[in-house]
Amino acid sequence: MADDKSKSGYHVGESQVSKLADDDARGNSGVRENPRGRSGGTGLGELLLRESVVSLAQLDEARNEIERHGGKLGNTLAKLGYVSEEQLVSLLAKQYGVPAVNLDEVSIPEEIVNMVPKEVARRHGIIPIDQQGSSLIVAVSDPSNIYAMDDIKFLTGYNVEMVVAPESSIETALQGYYQDDAVEAFEELLDGMDQEDLSILQDEEGIDIEELERESKEEAVVRLVNLTLVDAIRRGASDIHVEPYEKEFRIRFRIDGVLSEIMKPPLRLKNAIVSRLKILAELDIAERRLPQDGRIKLVLGKKKEVDFRVSVLPTLFGEKVVLRVLDKSNLQLDMTMLGFEEKQLAEFKDAINKPWGMVLVTGPTGSGKTTTLYSALMELNKISENISTAEDPVEFNMAGINQVHINDAIGLNFAAALRSFLRQDPDIIMVGEIRDFETAEIAVKAALTGHLVLSTLHTNDAPSTINRLLNMGIEPFLVSSSVNIVAAQRLARKVCKECKQPLELEAEPLIKLGMTEEMIAASTFTKGAGCKVCNNTGYKGRVAIYEIMTMTDRLKEAVLQGYSAMELKREAVEGGMRSLRACALSKLMEGQVTVEEVVRTTRED
C-alpha cells in the first residue's frame, strides 16, 4: 500500500492535520477552519455557484435532471458538460483542505473494503481505501457530506479521514471491490467484530430498559431510522419490514407488491433500532413479549405528511417491526386512472350512483380494494350525502366522511358499527370487510332498505363472491335483490416508462395464455431494461386489473336457481363480462405489463 500512496500522491492522518495547520498559519482563505465541522448548509451546488464554476440556470437544469433520472450533482453536471470531474476534484480539495487521490492507481486491500458495508458505501457514494492507526481513510466525491463520515465512524469505531476523488472513479471502484453478494460481504464485516458484538441475547428479560432507551436516542440510530423512513417514501414502498434473525438483522421494503432487501444493519443495533421505532410510535419499549400496534406521523417539508402504521411482533430472535406506509400524496383516487376499461368504468359508476344496493369489491390482501372503495367514496362525497365508514384500521382521513375505527377488544366490531350507522340517518355506508354472517346480514338488510352499501370480501373472482355470501347463510333471494355489482381486482406491476423497450415474443406461449393470432398481431409487447428510476427492476408503479360482474336479471335468476360459481362465471362471460385474464391480456397488448405479470396476477380461466 506504501507504493500506491507514493504514486497517487496522498498522505493523510498526521500529515493532513499538519497541512491544515500550516494552511491556517499562512492565512489561506481557501481553506475552512474546520472542514469536517461544517453544518452542511453550503453544499456542492452553492460552492460551485460561489466560485462561478456554473451558473444558476445550469445548476437548476442539473437538479431537474436528477429528479427525472436520479444520480448525484457532480456527476450530472459533468455529464451535461458544464464542469469536468478534474475541476470538481481540484476545487473541492482546495476548498476543504483535503488531498486528492487517483483511485485508478490505488489498490485497496480486501480487509479495508470489508470494513464498510456495501449498502452504506453505495448509499453515501464513498469507498474506504486505507487504515492508518486509529483512522480509516475514505475517498469521497463530496467532502461536505459529514453525515456519511459520522455513520462510518459509528459503524466501524475508527476516526474517519477524507480524501477527494472523482465520482465516476468512486462508482467504478464500488463496482469493482464490492461484489453483488451483499450477504457475504456483511458476514465478513461481522466476523471482524468482537465476539461480544456478535452474541445473541438469549435472555431478553435481562435488558436494561434505561440503557436501551439511551441507545435508541443516539444520533446515528436516530438518523438511520429517519433515513430508512424517508427512503421508503422516496422509493414508493408500501411496507417496511425490520427483521431480526439469529445471525443477521435486515430491513426490506415492499415496492410495487414485491419485497426486496435494502440493508443489513449490524446485529448489535437491532434492539436500539426497534426501540427507536417503538418510541416514535409511542409504544412501550419495556414490553417485549406481546404484540403492539401504533402509528408514526412524519412531516416532510411544510406540507407533506406521511403516516406509518406500526405493528410489533415478538419472534424467536427479537421483535419484528412492520410499518405500513400511508402516503396520502400517492393515493390515486381518480377512478379514470385506476385501470378500469371504458365499459367497466361506466358499469361501476352506474352501480355506485344507484340510490340503494350493494357494491362489493373482492380480491386478496394487497390487491387495491381499499383504494377502489376510497375512489368510489370520493366520487359520492357531496354535501347532500351522509357517508359513514367502518374500517379496520382507518388508513386515510377523508374530509366530509364519518370514519369509524373498528376495535374488537371493546366490542366495536363491523356488525356493531353497522347497527349504529343505521341509527345515524345514513345515505351511504362503507364496511371495510364482510367477515361473518352477522355483518353480511345487516349489510344486506341495509342495502334493501334504501341505503348504498360498499364493502369488500376475500374471494378469487367476482362469481365466487356470490357463493361466499350464500355459504355465509344469506338467502339466495336476498343476495339477488341486494347486490348491484361485484368487482374483482388484482394489481400488476407496470413496465418502467424510463427504460421501456420493445420485445419480440413467440406466439405459442401467448396463445396458451388465451390470446388469438389477431390479438398478437395488434400487440406492442415491452419490457423494462432496468434503470435508476425503477431500481433496476424494470417495473415502476402498478395498474389495477378488474373483473366487473353487473348483476343483470339473467344473473339474478341464476343465483335463485342455485348456480355454482363456475356456472355463474359462464353466464356472466356470455353476458359480456371480461375476466381478470382477459383484462390483463388487454394491458399486455398495450405494453403496460409483461407476460410474467399476467401469469403472476391471474389464473387461467
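**A cavity and a helix pair**

In this predicted model, the residues that line the largest cavity comprise 13 nonpolar, no polar and four charged residues. Applied here, the count gives four cavities of 30 Å³ or more, and the largest cavity holds about 170 Å³ of space.

The lining of this largest cavity is made up of 17 residues, and those nearest its centre are Val 120, Arg 123, Leu 155, Leu 224 and Pro 266. Two or more lining residues come from each of the helices α8 (118-124), α9 (146-156) and α14 (219-235). Of these elements, α14 contributes the most, with four residues.

The helix α14 also packs against another helix, α15, which spans residues 270-280. Two packed helices are described by the angle between their axes and the distance between the axes. For α14 and α15 the angle is about 70 degrees, and the axes lie 10 Å apart. Angles of 65 to 115 degrees count as roughly perpendicular, and α14 and α15 are therefore roughly perpendicular to each other. Their crossing is right-handed.

Which residues bring α14 and α15 into contact? From α14 come Val 221, Val 222, Leu 224, Val 225 and Leu 229, and these meet Ala 272, Ile 273, Arg 276, Leu 277 and Leu 280 of α15. The residues of this contact divide into nine nonpolar, no polar and one charged.

Methods: Residues are numbered from 1 along each chain as its sequence is written. This is a predicted model: local features need pLDDT of at least 70, side-chain atom pairs count only at pLDDT 80 or more; totals for chains, interfaces and linings use all residues. Side-chain values use heavy atoms; hydrogens and water are left out. On a 1 Å grid over the protein atoms alone, a cavity is a set of points where a 1.4 Å probe fits but cannot get out, and a pocket is an open set with protein on both sides within 12 Å along at least five of seven lines; lining residues have an atom within 4 Å of a point. Grid points are joined across faces, edges and corners, and a volume is the space filled by probe spheres set on the points. Ala, Val, Leu, Ile, Met, Phe, Trp, Tyr, Cys and Pro count as nonpolar, Asp, Glu, Lys and Arg as charged, and the others, Gly among them, as polar. Axes are lines fitted to C-alpha atoms, for helices over the stretch in contact, and angles run from 0 to 180 degrees between N-to-C directions. Angles under 35 degrees count as roughly parallel, over 145 as roughly antiparallel, 65 to 115 as roughly perpendicular and the rest as oblique. A crossing is left-handed if the near helix is turned anticlockwise from the far one by less than a right angle, and right-handed if clockwise. Contact means heavy atoms within 4.5 Å.
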